[in-house]
Amino acid sequence: MIALVALFVGIVTGLFQALSHAGVNLYPQLTPVVASYYQGLTVHGVMNALIWTTFFICGFLPFVMIRALAMPLASCRLAWGTYGLMTGGLVLAAIPLLGNAATVMFTFYPPLQAHWAFYVGLTLVVAGTWLVTLNLVWTYRTWRVQHSGERTPLAAFMTLVTFVMWTIASLGLAAEMLCMLIP
């Protein structure tokens, strides 16, 4: 649900950008919700590129995995805890975003600076994806013990590879957040 709401918000703010480029400036009428073009650009980028894709993939690929392995996730508590962590991070990041204190497009480039809560919130979202990876690996190991000698279903293998690659790739992002942007 969060993924779809984020997609909708991103599409609407993208429409405002397109209208602005066409010479129709609606931002004065949208104040205080969206006060400027760059705030709208940031909301659009964060909602579409970061929140929609992250929440969607963290919901869809575990679904693919449990269907491929024909078993539930290893830990439903971990899954719900992860959802809570990611949602809490989204709320924390949304506060400065909606308060026009994070007009950095959807980037994490050090010359552009947003409120610390924006960075901490998005770091929590990324950390949540690592917990999804942990749950998927745990689920796969449980399946492997019960099905030794069987081939791993392709969809389960692709899910694991996707999340392991993402986890490795996002370590640098978390290091940038924790060592460069938040301090």
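1. Basis of the values. Because the model is predicted, local features are given only at pLDDT of at least 70 and side-chain atom pairs only at pLDDT 80 or more, whereas totals for chains, interfaces and linings use all residues. Residues are numbered from 1 along each chain as its sequence is written, and side-chain values rest on heavy atoms, with hydrogens and water left out.

2. Aromatic pairs. The structure holds 6 aromatic pairs, where a pair means rings of Phe, Tyr or Trp (its six-membered ring) with centres within 6.5 Å, and planes under 30 degrees apart count as stacked, over 60 as edge-to-face and the rest as tilted. One of these is formed by Trp 52 and Phe 56, which are stacked at 5.5 Å centre to centre with 15° between the planes. These two residues are 4 apart in helix α3 (residues 37-69), and are therefore separated by about one helical turn; helices here are DSSP runs of H or I with at least four residues, numbered from the N terminus.

3. Trp 52, Phe 56 and Phe 60 form one aromatic cluster.

4. The largest pocket. About 480 Å³ of space lies in the largest pocket, a pocket being an open set of points on a 1 Å grid over the protein atoms alone, with protein on both sides within 12 Å along at least five of seven lines, and lining residues having an atom within 4 Å of a point. The volume is the space filled by probe spheres set on the points, which are joined across faces, edges and corners. Of its 20 lining residues, Phe 55, Cys 58, Gly 59, Ala 79 and Tyr 83 are the closest to the centre. Helices α1 (2-21), α3, α4 (76-98) and α5 (116-146) each supply at least two lining residues, and α4 gives the most, with 6.

5. The second largest pocket. This pocket has a volume of about 260 Å³, and of the 17 residues that line it, Val 9, Thr 13, Val 43, Met 47 and Leu 98 are the closest to its centre. The elements that give two or more residues to this lining are α1, α3 and α4, and α1 gives the most, with 7 residues.

6. The lining of the largest pocket has 17 nonpolar, 3 polar and no charged residues, while that of the second largest pocket has 16 nonpolar, 1 polar and no charged residues. Here Ala, Val, Leu, Ile, Met, Phe, Trp, Tyr, Cys and Pro count as nonpolar, Asp, Glu, Lys and Arg as charged, and the others, Gly among them, as polar.

7. Backbone angles to check. Most residues other than glycine have a negative phi. Ala 70, however, has a positive phi near 55°; this residue lies in the loop between α3 and α4 and is exposed, at 69% relative accessible area. Asn 100 likewise has a positive phi, near 65°, and is found in the loop between α4 and α5, where Asn 100 counts as partly exposed at 32% relative accessibility.

Key. 1 Å grid on protein atoms, 1.4 Å probe; cavity = no way out; pocket = protein on both sides within 12 Å on 5 of 7 lines; lining within 4 Å. Buried < 20%, exposed > 50% of the residue type's maximum accessible area, 1.4 Å probe, protein only.
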